[in-house]
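Visitor: I am new to this structure. Please pick one part and take me through it closely.

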Amino acid sequence: GETMTVNIKIEVTGGPIGTGVADVSLVLDRTGSMFGAKYAAAKQSAKIFVDLFELEENKIQIIDFSEQAFVRKDFTFTNAAGKTELKQAIDMIPSPLGLTNLYGAFEKSAQEIADKGRPETFKAIVLLTDGRPTIGISTQSAFTTLASEVAAEGGSVFTIGLGADVNASLLQAIADAGNGEYLFAPTPEDLEDLFRRIAEIIQSPPATN
């Protein structure tokens with residue numbers, strides 16, 4: 001006669017697609033609302049994400065955004081030296097400030113993947129935000145059109161929403177159109193597990209299309 005909640009966890013493991021090598025554009029929100037624990041957790045989780053890539057032939061790029069998007073580290077191999085450089089770039093990202101130009105950041109990363117992604121690699125955009133668009137393009141159709149273009153070129157878009165202020169329906173739509181996955185972090189402490197999951201998927205995706 002009582003009500004209870006049951007959480008069921010399903011994990012799928014698959015073999016690598018193609019060469020098993022990936023080009024990843026990691027996009028981090030540094031808008032004013034990220035100040036404090038959220039920003040510290042985002043940077044720490046991003047560095048763990050870098051360390052999780054096993055093949056030295058993988059490449060990761062670091063982009064951060066508020067009202068504009070900035071490439072802090074171009075695509076860099078994930079060997080020991082490259083991982084050190086990538087983590088140093090994450091540490092050097094400036095303090096949070098400004099409004100949320102989510103589309104501008106997404107567009108920048110999509111262009112970077114298109115221009116610099118290597119043939120025969122699995123290409124992925126990982127987009128973290130704690131808010132919703134407050135400047136620039138905000139229509140869902142614009143986001144999903146861009147995500148579909150990434151997917152059409154063999155890429156995937158993974159979105160991470162942090163906290164209660166995100167537009168979950170928009171982030172879900174982007175991931176669906178981008179042949180990726182949307183993950184939600186209720187608190188900053190949840191970010192690390194989500195970055196670990198995405199790193200696993202990218203390195204051993206179970207399916208395409």
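Guide: Here is a close look at one strand and the core around it. The model is predicted. The strand is β1, residues 22-29.

Start with its cover. 8 of the 8 residues in β1 are buried. In a regular strand, side chains alternate between the two faces of the sheet. On one side of β1 sit Ala22, Val24, Leu26 and Leu28. On the other sit Asp23, Ser25, Val27 and Asp29. Both faces are covered.

Now the neighbours. β1 pairs with β4 in the parallel sense, over 7 bridges. Here Val24 stands opposite Ala124 of β4. β1 also runs parallel to β2, joined by 7 bridges. There Asp29 stands opposite Phe65. Between β1 and β2 the chain passes through α1, and this β-α-β crossover is right-handed.

Next, the core. The largest nonpolar core holds 33 residues. Leu26 is among those that touch the most other members, along with Phe49, Ile60, Val126, Leu191, Phe195 and Ile202. Elements that each supply at least two residues include β1, α1, β2 and β4. α6 (191-203) is another of them, and α6 gives the most, with 7 residues.

Methods
Residues numbered from 1 in each chain as written. Predicted model: local features only at pLDDT ≥ 70, side-chain atom pairs only at ≥ 80, totals over all residues. Heavy atoms only, no water. Core = buried A, V, L, I, M, F, W, Y, C linked by side-chain atoms within 4.5 Å. Buried < 20%, exposed > 50% of the residue type's maximum accessible area, 1.4 Å probe, protein only. Helix = DSSP H or I, 4+ residues; strand = E, 2+ residues; numbered from the N terminus. Pairing = 2+ DSSP bridges. Right-handed = clockwise from strand over helix to strand, strands pointing away.
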